[in-house]
Amino acid sequence: MSQKPLIILAIETSCDETAAAVLKGGTEILSNVISSQVEWHAKFSGVVPEIASRKHVELIGPVIEEALLKADIKLQDVDAIAVTHGPGLVGALLVGLGVAKGLAYGAKKPLICVNHIEAHILANFLENPDLQPPLVALVVSGGHTALIYMEDFGKYEIMGETLDDAAGEAFDKVAKFMELGYPGGPIIDRLAKEGDPTAIDFPRAMMKSKNYDFSLSGLKTAVINYVRGERAKGHKINLNDLAASFQAAIIDVQIDKSIRAAKEKNVKSLVLAGGVSANRTLRERMGQAAAKEGIKAYHSSLALCTDNAAMVAKAAYQMILKDPSLLDVSAGRNMDANAYPILDLCQHS
Ligand code: KG4
Ligand code: ZN
(Lines give C-alpha, C1' and ligand atoms only; values in the text may rest on other atoms or scores of the structure.)
(Ligands and ions follow the chains in the order given, each with its own letter.)
Protein backbone atom coordinates (compact mmCIF):
# COMPACT_ATOMS: atom_id res chain seq x y z
CA MET A 1 0.00 0.00 0.00
CA SER A 2 1.30 3.51 -0.75
CA GLN A 3 2.77 5.57 2.07
CA LYS A 4 0.57 8.55 1.21
CA PRO A 5 -2.36 8.98 3.66
CA LEU A 6 -5.39 7.25 2.18
CA ILE A 7 -8.26 9.49 1.14
CA ILE A 8 -11.71 7.89 1.31
CA LEU A 9 -15.00 9.31 0.06
CA ALA A 10 -17.88 7.67 1.95
CA ILE A 11 -21.62 7.64 1.32
CA GLU A 12 -24.37 6.79 3.84
CA THR A 13 -28.08 6.47 2.95
CA SER A 14 -29.32 3.65 5.19
CA CYS A 15 -32.16 5.56 6.85
CA ASP A 16 -33.23 9.21 6.75
CA GLU A 17 -29.90 11.05 6.61
CA THR A 18 -28.26 11.59 3.23
CA ALA A 19 -24.57 11.86 4.07
CA ALA A 20 -21.15 12.01 2.45
CA ALA A 21 -17.72 12.52 4.00
CA VAL A 22 -14.06 12.62 3.11
CA LEU A 23 -11.57 11.07 5.51
CA LYS A 24 -7.79 11.37 5.22
CA GLY A 25 -5.32 9.01 6.83
CA GLY A 26 -7.99 7.26 8.90
CA THR A 27 -8.34 10.12 11.38
CA GLU A 28 -8.60 13.49 9.67
CA ILE A 29 -12.20 14.36 8.73
CA LEU A 30 -11.84 16.70 5.74
CA SER A 31 -15.61 17.01 5.40
CA ASN A 32 -18.71 15.45 6.94
CA VAL A 33 -21.91 16.59 5.22
CA ILE A 34 -25.26 15.40 6.60
CA SER A 35 -28.56 16.39 5.07
CA SER A 36 -31.34 15.39 7.42
CA GLN A 37 -34.74 14.59 5.95
CA VAL A 38 -36.40 14.97 9.34
CA GLU A 39 -38.83 17.71 8.22
CA TRP A 40 -40.37 15.35 5.62
CA HIS A 41 -40.81 12.49 8.09
CA ALA A 42 -41.84 14.52 11.13
CA LYS A 43 -45.52 14.79 10.21
CA PHE A 44 -45.70 10.98 10.13
CA SER A 45 -43.77 10.73 13.47
CA GLY A 46 -41.41 8.20 11.92
CA VAL A 47 -39.36 7.41 8.85
CA VAL A 48 -41.47 6.66 5.76
CA PRO A 49 -39.27 4.38 3.60
CA GLU A 50 -40.70 5.56 0.28
CA ILE A 51 -40.09 9.22 1.16
CA ALA A 52 -36.57 8.40 2.38
CA SER A 53 -35.65 6.78 -0.96
CA ARG A 54 -37.02 9.67 -3.00
CA LYS A 55 -35.26 12.27 -0.86
CA HIS A 56 -31.96 10.37 -1.07
CA VAL A 57 -32.24 10.47 -4.87
CA GLU A 58 -32.72 14.27 -4.75
CA LEU A 59 -30.05 14.99 -2.17
CA ILE A 60 -27.22 12.54 -2.78
CA GLY A 61 -25.64 14.39 -5.73
CA PRO A 62 -25.42 17.81 -4.03
CA VAL A 63 -24.33 16.21 -0.74
CA ILE A 64 -21.40 14.39 -2.40
CA GLU A 65 -20.44 17.55 -4.33
CA GLU A 66 -20.44 19.55 -1.10
CA ALA A 67 -18.34 16.92 0.68
CA LEU A 68 -15.70 17.06 -2.08
CA LEU A 69 -15.84 20.86 -2.20
CA LYS A 70 -15.43 21.26 1.57
CA ALA A 71 -12.55 18.75 1.55
CA ASP A 72 -11.07 20.73 -1.35
CA ILE A 73 -10.43 17.62 -3.43
CA LYS A 74 -11.63 16.16 -6.71
CA LEU A 75 -13.08 12.70 -7.18
CA GLN A 76 -9.88 11.68 -8.95
CA ASP A 77 -7.91 12.44 -5.73
CA VAL A 78 -9.71 9.83 -3.63
CA ASP A 79 -8.18 6.37 -3.14
CA ALA A 80 -11.45 4.54 -2.50
CA ILE A 81 -15.21 5.01 -2.36
CA ALA A 82 -16.98 3.55 0.67
CA VAL A 83 -20.69 2.98 1.06
CA THR A 84 -23.07 1.54 3.64
CA HIS A 85 -24.46 -1.72 2.26
CA GLY A 86 -26.67 -2.54 5.27
CA PRO A 87 -28.43 -3.03 7.55
CA GLY A 88 -31.01 -0.38 6.79
CA LEU A 89 -34.03 0.40 4.63
CA VAL A 90 -33.48 -1.51 1.40
CA GLY A 91 -34.81 1.21 -0.90
CA ALA A 92 -32.71 3.85 0.86
CA LEU A 93 -29.56 1.70 0.78
CA LEU A 94 -30.01 1.07 -2.94
CA VAL A 95 -29.71 4.80 -3.69
CA GLY A 96 -26.32 5.11 -1.97
CA LEU A 97 -25.10 1.81 -3.39
CA GLY A 98 -26.14 2.73 -6.92
CA VAL A 99 -24.41 6.10 -6.77
CA ALA A 100 -21.27 4.65 -5.15
CA LYS A 101 -21.05 1.93 -7.77
CA GLY A 102 -21.50 4.46 -10.56
CA LEU A 103 -18.80 6.74 -9.16
CA ALA A 104 -16.40 3.86 -8.55
CA TYR A 105 -16.97 2.50 -12.03
CA GLY A 106 -16.66 5.89 -13.74
CA ALA A 107 -13.61 7.06 -11.82
CA LYS A 108 -11.97 3.61 -11.74
CA LYS A 109 -11.81 3.59 -7.95
CA PRO A 110 -12.19 0.64 -5.59
CA LEU A 111 -15.56 0.29 -3.90
CA ILE A 112 -15.62 -0.71 -0.23
CA CYS A 113 -18.91 -1.88 1.29
CA VAL A 114 -19.41 -1.17 4.97
CA ASN A 115 -21.66 -2.57 7.68
CA HIS A 116 -23.66 0.27 9.29
CA ILE A 117 -23.43 -1.14 12.83
CA GLU A 118 -19.67 -1.59 12.59
CA ALA A 119 -19.43 1.99 11.32
CA HIS A 120 -21.38 3.25 14.38
CA ILE A 121 -18.91 1.47 16.68
CA LEU A 122 -15.88 2.74 14.77
CA ALA A 123 -17.12 6.37 14.94
CA ASN A 124 -15.61 6.32 18.43
CA PHE A 125 -12.13 5.74 17.01
CA LEU A 126 -12.30 9.04 15.10
CA GLU A 127 -12.22 11.13 18.25
CA ASN A 128 -10.61 8.98 20.92
CA PRO A 129 -6.99 8.36 19.92
CA ASP A 130 -6.34 6.22 23.01
CA LEU A 131 -9.19 3.78 22.24
CA GLN A 132 -8.15 0.28 21.17
CA PRO A 133 -9.91 -3.10 20.95
CA PRO A 134 -10.76 -5.35 22.70
CA LEU A 135 -13.88 -3.60 23.90
CA VAL A 136 -17.59 -4.02 24.44
CA ALA A 137 -19.93 -1.75 22.48
CA LEU A 138 -23.50 -0.85 23.36
CA VAL A 139 -25.09 -0.05 20.01
CA VAL A 140 -28.35 1.82 20.51
CA SER A 141 -30.02 3.42 17.53
CA GLY A 142 -33.40 3.82 15.86
CA GLY A 143 -33.10 0.37 14.33
CA HIS A 144 -30.78 -1.56 16.65
CA THR A 145 -30.05 -2.35 20.25
CA ALA A 146 -27.20 -4.76 20.83
CA LEU A 147 -24.21 -5.52 22.99
CA ILE A 148 -21.26 -6.38 20.80
CA TYR A 149 -17.85 -7.71 21.80
CA MET A 150 -15.17 -6.31 19.50
CA GLU A 151 -12.10 -8.46 19.86
CA ASP A 152 -10.28 -6.63 17.09
CA PHE A 153 -11.08 -4.64 13.94
CA GLY A 154 -13.27 -6.90 11.81
CA LYS A 155 -13.82 -9.42 14.64
CA TYR A 156 -17.17 -9.05 16.33
CA GLU A 157 -19.45 -11.16 18.47
CA ILE A 158 -23.05 -10.20 19.19
CA MET A 159 -23.50 -10.90 22.90
CA GLY A 160 -27.14 -9.91 23.04
CA GLU A 161 -29.75 -7.79 21.32
CA THR A 162 -33.28 -6.56 21.58
CA LEU A 163 -36.01 -9.14 21.26
CA ASP A 164 -38.53 -6.53 20.05
CA ASP A 165 -38.20 -2.71 19.76
CA ALA A 166 -34.90 -0.88 19.42
CA ALA A 167 -34.05 1.74 22.05
CA GLY A 168 -34.47 4.67 19.63
CA GLU A 169 -37.75 3.21 18.46
CA ALA A 170 -39.00 3.16 22.07
CA PHE A 171 -38.05 6.84 22.49
CA ASP A 172 -39.75 7.72 19.18
CA LYS A 173 -42.92 5.72 19.90
CA VAL A 174 -43.40 7.18 23.39
CA ALA A 175 -42.82 10.70 22.01
CA LYS A 176 -45.35 9.99 19.27
CA PHE A 177 -47.95 8.76 21.77
CA MET A 178 -47.40 11.91 23.86
CA GLU A 179 -47.50 14.05 20.69
CA LEU A 180 -44.14 15.57 21.53
CA GLY A 181 -42.60 15.56 18.04
CA TYR A 182 -40.09 13.60 15.99
CA PRO A 183 -37.47 12.28 16.51
CA GLY A 184 -38.45 11.59 20.10
CA GLY A 185 -35.01 10.86 21.57
CA PRO A 186 -33.64 14.41 21.79
CA ILE A 187 -37.03 15.75 23.01
CA ILE A 188 -37.31 13.18 25.82
CA ASP A 189 -33.64 13.75 26.68
CA ARG A 190 -34.36 17.49 27.10
CA LEU A 191 -37.57 16.99 29.12
CA ALA A 192 -35.90 14.40 31.35
CA LYS A 193 -33.21 16.86 32.44
CA GLU A 194 -35.83 18.70 34.55
CA GLY A 195 -37.63 15.58 35.76
CA ASP A 196 -37.42 13.08 38.63
CA PRO A 197 -36.29 9.63 37.37
CA THR A 198 -37.79 7.96 40.45
CA ALA A 199 -41.24 9.59 40.10
CA ILE A 200 -42.83 6.66 38.22
CA ASP A 201 -41.75 3.06 38.68
CA PHE A 202 -41.62 1.67 35.14
CA PRO A 203 -40.52 -1.96 34.57
CA ARG A 204 -36.82 -2.77 33.95
CA ALA A 205 -37.44 -5.61 31.49
CA MET A 206 -34.89 -8.45 31.51
CA MET A 207 -32.77 -6.69 34.12
CA LYS A 208 -32.53 -9.93 36.06
CA SER A 209 -32.00 -12.22 33.09
CA LYS A 210 -28.51 -13.67 32.88
CA ASN A 211 -28.17 -13.06 29.13
CA TYR A 212 -27.44 -9.80 27.32
CA ASP A 213 -30.74 -9.42 25.51
CA PHE A 214 -33.13 -6.52 25.88
CA SER A 215 -36.89 -6.10 25.56
CA LEU A 216 -38.43 -2.67 25.18
CA SER A 217 -41.95 -3.06 23.85
CA GLY A 218 -43.39 -3.74 27.34
CA LEU A 219 -41.99 -0.45 28.62
CA LYS A 220 -43.72 1.47 25.84
CA THR A 221 -47.01 -0.24 26.78
CA ALA A 222 -46.41 0.53 30.47
CA VAL A 223 -45.98 4.23 29.64
CA ILE A 224 -49.18 4.25 27.56
CA ASN A 225 -51.13 2.46 30.32
CA TYR A 226 -49.80 4.85 32.95
CA VAL A 227 -50.75 7.93 30.93
CA ARG A 228 -54.23 6.59 30.15
CA GLY A 229 -54.76 5.68 33.82
CA GLU A 230 -53.71 9.10 35.06
CA ARG A 231 -55.84 10.88 32.47
CA ALA A 232 -58.85 8.74 33.41
CA LYS A 233 -58.40 9.91 37.01
CA GLY A 234 -58.30 13.51 35.77
CA HIS A 235 -54.64 13.91 36.75
CA LYS A 236 -52.32 16.11 34.73
CA ILE A 237 -49.20 14.34 33.43
CA ASN A 238 -45.90 15.80 34.53
CA LEU A 239 -43.99 15.42 31.25
CA ASN A 240 -40.59 15.99 32.82
CA ASP A 241 -41.11 13.22 35.39
CA LEU A 242 -42.58 10.91 32.75
CA ALA A 243 -39.61 11.46 30.41
CA ALA A 244 -37.05 11.04 33.21
CA SER A 245 -38.70 7.88 34.58
CA PHE A 246 -39.13 6.29 31.14
CA GLN A 247 -35.55 7.07 30.20
CA ALA A 248 -34.22 5.74 33.51
CA ALA A 249 -36.00 2.41 32.93
CA ILE A 250 -34.14 2.02 29.62
CA ILE A 251 -30.80 3.29 30.85
CA ASP A 252 -30.71 1.20 34.06
CA VAL A 253 -30.89 -2.04 32.06
CA GLN A 254 -28.41 -0.83 29.46
CA ILE A 255 -25.86 0.15 32.09
CA ASP A 256 -26.27 -3.04 34.09
CA LYS A 257 -25.87 -5.33 31.06
CA SER A 258 -23.05 -3.31 29.49
CA ILE A 259 -20.95 -3.39 32.63
CA ARG A 260 -21.65 -7.10 33.14
CA ALA A 261 -20.66 -7.80 29.51
CA ALA A 262 -17.44 -5.79 29.84
CA LYS A 263 -16.57 -7.70 33.02
CA GLU A 264 -17.33 -11.07 31.45
CA LYS A 265 -15.04 -10.28 28.51
CA ASN A 266 -12.52 -8.71 30.85
CA VAL A 267 -12.20 -5.54 28.77
CA LYS A 268 -11.32 -2.11 30.08
CA SER A 269 -13.13 -0.12 27.38
CA LEU A 270 -16.85 0.30 26.86
CA VAL A 271 -18.09 2.16 23.81
CA LEU A 272 -21.46 3.83 23.28
CA ALA A 273 -22.59 3.93 19.68
CA GLY A 274 -25.65 4.89 17.60
CA GLY A 275 -28.16 7.72 17.76
CA VAL A 276 -29.37 6.99 21.32
CA SER A 277 -25.79 7.34 22.58
CA ALA A 278 -26.37 11.08 22.09
CA ASN A 279 -28.49 10.85 25.26
CA ARG A 280 -26.85 12.96 27.94
CA THR A 281 -28.07 10.97 30.93
CA LEU A 282 -26.96 7.68 29.34
CA ARG A 283 -23.49 9.12 28.69
CA GLU A 284 -23.09 10.56 32.19
CA ARG A 285 -24.42 7.56 34.05
CA MET A 286 -22.53 5.02 31.92
CA GLY A 287 -19.31 6.97 32.49
CA GLN A 288 -19.83 6.94 36.26
CA ALA A 289 -20.89 3.29 36.49
CA ALA A 290 -17.96 2.15 34.33
CA ALA A 291 -15.41 4.21 36.27
CA LYS A 292 -16.52 2.48 39.49
CA GLU A 293 -15.44 -0.82 37.91
CA GLY A 294 -12.17 0.53 36.54
CA ILE A 295 -13.61 0.58 33.00
CA LYS A 296 -13.45 3.61 30.70
CA ALA A 297 -16.64 4.50 28.81
CA TYR A 298 -16.25 6.24 25.45
CA HIS A 299 -18.72 8.08 23.27
CA SER A 300 -18.52 10.37 20.25
CA SER A 301 -19.60 13.95 19.69
CA LEU A 302 -23.26 14.36 18.75
CA ALA A 303 -22.70 14.63 14.97
CA LEU A 304 -20.84 11.32 14.97
CA CYS A 305 -23.39 9.46 17.18
CA THR A 306 -26.27 9.75 14.74
CA ASP A 307 -26.00 8.59 11.12
CA ASN A 308 -23.08 10.12 9.23
CA ALA A 309 -20.61 9.10 6.53
CA ALA A 310 -17.36 9.85 8.39
CA MET A 311 -17.94 6.66 10.41
CA VAL A 312 -18.46 4.74 7.17
CA ALA A 313 -15.13 6.05 5.85
CA LYS A 314 -13.43 5.03 9.11
CA ALA A 315 -14.81 1.49 8.88
CA ALA A 316 -13.61 1.26 5.25
CA TYR A 317 -10.19 2.56 6.29
CA GLN A 318 -9.81 -0.18 8.91
CA MET A 319 -10.95 -2.82 6.40
CA ILE A 320 -8.29 -1.64 3.94
CA LEU A 321 -5.60 -1.73 6.65
CA LYS A 322 -6.49 -5.37 7.30
CA ASP A 323 -6.79 -6.30 3.64
CA PRO A 324 -4.94 -3.92 1.28
CA SER A 325 -6.06 -5.98 -1.71
CA LEU A 326 -9.43 -4.24 -1.34
CA LEU A 327 -7.75 -1.32 -3.12
CA ASP A 328 -6.85 -3.44 -6.11
CA VAL A 329 -9.22 -2.27 -8.82
CA SER A 330 -7.53 -4.40 -11.46
CA ALA A 331 -8.70 -7.51 -9.60
CA GLY A 332 -11.96 -6.76 -11.40
CA ARG A 333 -13.99 -6.93 -8.21
CA ASN A 334 -14.79 -3.26 -8.24
CA MET A 335 -14.98 -2.54 -11.93
CA ASP A 336 -17.82 -4.67 -13.13
CA ALA A 337 -20.71 -2.98 -11.43
CA ASN A 338 -23.23 -5.35 -12.98
CA ALA A 339 -21.54 -8.35 -11.47
CA TYR A 340 -22.76 -7.45 -8.01
CA PRO A 341 -26.04 -8.69 -6.70
CA ILE A 342 -26.85 -5.65 -4.61
CA LEU A 343 -26.61 -7.02 -1.09
CA ASP A 344 -23.86 -9.54 -1.73
CA LEU A 345 -21.46 -6.71 -2.36
CA CYS A 346 -19.69 -6.84 0.90
CA GLN A 347 -16.61 -8.86 1.61
CA HIS A 348 -17.14 -8.22 5.28
CA SER A 349 -20.17 -8.14 7.52
O1 KG4 B 1 -28.20 6.01 14.66
P2 KG4 B 1 -29.38 6.79 14.23
O3 KG4 B 1 -29.15 8.21 13.72
O4 KG4 B 1 -30.18 6.07 13.10
C5 KG4 B 1 -30.31 4.67 13.05
O6 KG4 B 1 -29.35 4.00 12.56
O7 KG4 B 1 -31.37 4.21 13.52
O8 KG4 B 1 -30.39 6.82 15.47
C9 KG4 B 1 -31.60 7.54 15.44
C10 KG4 B 1 -32.31 7.33 16.78
C11 KG4 B 1 -33.72 7.92 16.81
O12 KG4 B 1 -34.61 6.92 17.29
C13 KG4 B 1 -33.61 9.07 17.81
O14 KG4 B 1 -34.80 9.31 18.55
C15 KG4 B 1 -32.48 8.59 18.71
O16 KG4 B 1 -31.57 7.97 17.83
N17 KG4 B 1 -31.82 9.68 19.44
C18 KG4 B 1 -31.83 9.82 20.78
C19 KG4 B 1 -31.16 11.02 21.08
N20 KG4 B 1 -30.75 11.60 19.90
C21 KG4 B 1 -31.18 10.75 18.90
N22 KG4 B 1 -32.33 9.02 21.74
C23 KG4 B 1 -32.18 9.41 23.02
N24 KG4 B 1 -31.58 10.57 23.39
C25 KG4 B 1 -31.05 11.40 22.46
N26 KG4 B 1 -30.46 12.53 22.83
ZN1 ZN C 1 -27.50 4.38 12.46
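This is a predicted model: local features need pLDDT of at least 70, side-chain atom pairs count only at pLDDT 80 or more; totals for chains, interfaces and linings use all residues.
Q: How far apart are the end C-alpha atoms of helix α8, and what span should its 16 residues have?
A: Helix α8 covers residues 217-232, and at 1.5 Å a residue its 16 residues should span 22 Å.

Q: Which elements are included in what covers the buried residues of α8?
A: The buried residues of α8 are Leu 219, Lys 220, Ala 222, Val 223, Ile 224, Val 227 and Glu 230. What covers these buried residues includes two helices, α6 (167-177) and α9 (239-264).

Q: Which element gives the largest share of the lining of the largest pocket?
A: The largest pocket has a volume of about 1000 Å³, and of the 39 residues that line it, the closest to its centre are Ser 141, Gly 142, Asp 172, Tyr 182 and Pro 183. The elements that give two or more residues to this lining are α4 (116-122), α6 and α7 (184-192). The largest share, six residues, comes from α6.

Q: Which element gives the largest share of the lining of the second largest pocket?
A: The second largest pocket holds about 310 Å³ of space, and the closest to its centre, of the 16 residues that line it, are Asn 115, Ile 117, His 144, Ile 148 and Ile 158. Two or more residues of the lining come from each of α4, β7 (145-152) and β8 (155-161). The largest share, four residues, is given by β8.

Definitions and conventions
Residues are numbered from 1 along each chain as its sequence is written. Chains are lettered from A and ligands numbered from 1 in the order in which they are written. Side-chain values use heavy atoms; hydrogens and water are left out. The expected span of a helix is 1.5 Å times one less than its number of residues. Buried means under 20% relative accessible area, exposed over 50%, partly exposed in between (1.4 Å probe, protein chains only). Contact means heavy atoms within 4.5 Å. On a 1 Å grid over the protein atoms alone, a cavity is a set of points where a 1.4 Å probe fits but cannot get out, and a pocket is an open set with protein on both sides within 12 Å along at least five of seven lines; lining residues have an atom within 4 Å of a point. Grid points are joined across faces, edges and corners, and a volume is the space filled by probe spheres set on the points.
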